[in-house]
Amino acid sequence: MRPLIAAVDLSAIRHNYAVAKRCAPGRQAFAVVKANAYGHGVREVVTSLRGEVDGFAVASLEEAAEVRALDDRSRVLLLEGCFEPGEYPLAAQLGLDLVVQGPEQVEALLAASLSRPLNVWLKLDSGMHRLGFAADALRQCHARLRAAAQVAELNLISHFACADLRGHGLNEDQLESFLGLLDLDFDQRSLANSAAILTMPAAHMDWVRPGIMLYGASPFADLGAAELGLKPAMSLSAQLIAVREVAAGESVGYGAAWEAARPSRIGTVSCGYADGYPRHAPSGTPVVVNGRRVPLVGRVSMDMLAVDLSELPNAKVGDPVELWGAQLPVDELASACGTIGYELLTKVTARVPRRYLA
Ligand SMILES: Cc1ncc(COP(=O)(O)O)c(C=O)c1O
């Protein structure tokens, strides 16, 4: 068997959910499990969290149906709403909570014939300008939806553009815009993602929506997950599958892009970009071999990458390699590669077996 595995510690996810709840005492939480639970495996994550969480949040009806099949009690929030008219009756059958984010969705909902009314989350565009109604338009929709037979609860939701940038002016503006609508009669309100849960208590409202923090990664560039009390859920682990000596001046890998400045011991690792490791990781990116950090050298291949083992003269074929996990936070690798932990976690490909620790 190819020695590459994504080990997922489900107890870490439960711990991180508890951290979110402690940050927002008395509030309810939608555990965000879209994109296959940020790459961790939605079946296992939902099974592990059900009974403990107040709800789940997903990005499509297909994802919602998968969650509903595993948990017929929790609320399941469709974050972007329905994409076509035929989805509304299905959303009702599944008993979903539904975001309504634009005029087309309002009309489709009001034209739909539903087996039961839906909890609707009317989305305010408080400043991100991605989804949602401007405040005035939202006020107009509010009255129509309040009177509609298709609507059970009528709730207010919005999303921060810059919650990960503490002190950014847009955060206050978005919060103000949200608060400015609370003279309207809403049953529930929700605004905070992980970054806002961790640093903006005024944004907690009735329901928080933790995503990345559940998986033990940090939404902040300047504040690590460990400092936030979060435990990493995923470790991506491989092995050395070859070790060789190269002379000074010899190159390693495709394009001969890295050249040894001194006689070097080179290890080949069983992980590449087809597994989700970023191809653009530069030489020097840390990789953990036998618990020690060594630099990546040369271009990442489809199934392999190379490391400089010169500081580890005893490293040999079969030795353990961690690409990210407890010894190398995914956020640190992401920052070395000019991306974010979210992208690395969601891009671990299907061919990488997941192994679960309860
Ligand atoms: C509307 C909405 N709420 C909450 C989240 C969770 O965000 P985070 O993973 O930063 O906690 C997301 C994620 O993209 C989202 O789109």
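Two cavities of 30 Å³ or more turn up in this predicted model. A cavity here is a set of points on a 1 Å grid over the protein atoms alone where a 1.4 Å probe fits but cannot get out, whereas a pocket is an open set with protein on both sides within 12 Å along at least five of seven lines. Lining residues have an atom within 4 Å of a point. Grid points are joined across faces, edges and corners, and a volume is the space filled by probe spheres set on the points.

Residues are numbered from 1 along each chain as its sequence is written, and side-chain values use heavy atoms, leaving out hydrogens and water. Because the model is predicted, local features need pLDDT of at least 70 and side-chain atom pairs count only at pLDDT 80 or more, while totals for chains, interfaces and linings use all residues.

Here are the volumes side by side.

| Site | Volume |
|---|---|
| Largest pocket | about 1100 Å³ |
| Second largest pocket | about 190 Å³ |
| Largest cavity | about 60 Å³ |
| Second largest cavity | about 50 Å³ |

Let's take the cavities and their linings. Lys123, Asp125, His129 and Arg130 are among the residues around the largest cavity, whose lining has 3 nonpolar, 6 polar and 3 charged residues.

Now for the pockets. The largest pocket lies between domain 1 (10-217) and domain 2 (234-357), because both give residues to its lining. Of its 48 lining residues, Tyr38, Ile212, Pro219, Ile340 and Tyr342 lie nearest the centre. Helices H2 (34-38), H9 (194-199), H10 (330-336) and H11 (341-346) each give two or more residues, and H10 gives the most, with 5. Helices (H or I, at least four residues) and strands (E, at least two) are DSSP runs, numbered from the N terminus. By class, this lining has 27 nonpolar, 12 polar and 9 charged residues.

In the second largest pocket, strands E13 (264-269) and E16 (305-308) each supply at least two lining residues. Its lining includes Arg244, Tyr254, Arg299 and Met304, and the classes come to 7 nonpolar, 3 polar and 2 charged residues.

Terms used:
Ala, Val, Leu, Ile, Met, Phe, Trp, Tyr, Cys and Pro count as nonpolar, Asp, Glu, Lys and Arg as charged, and the others, Gly among them, as polar. Domain bounds come from an automatic or database domain assignment.
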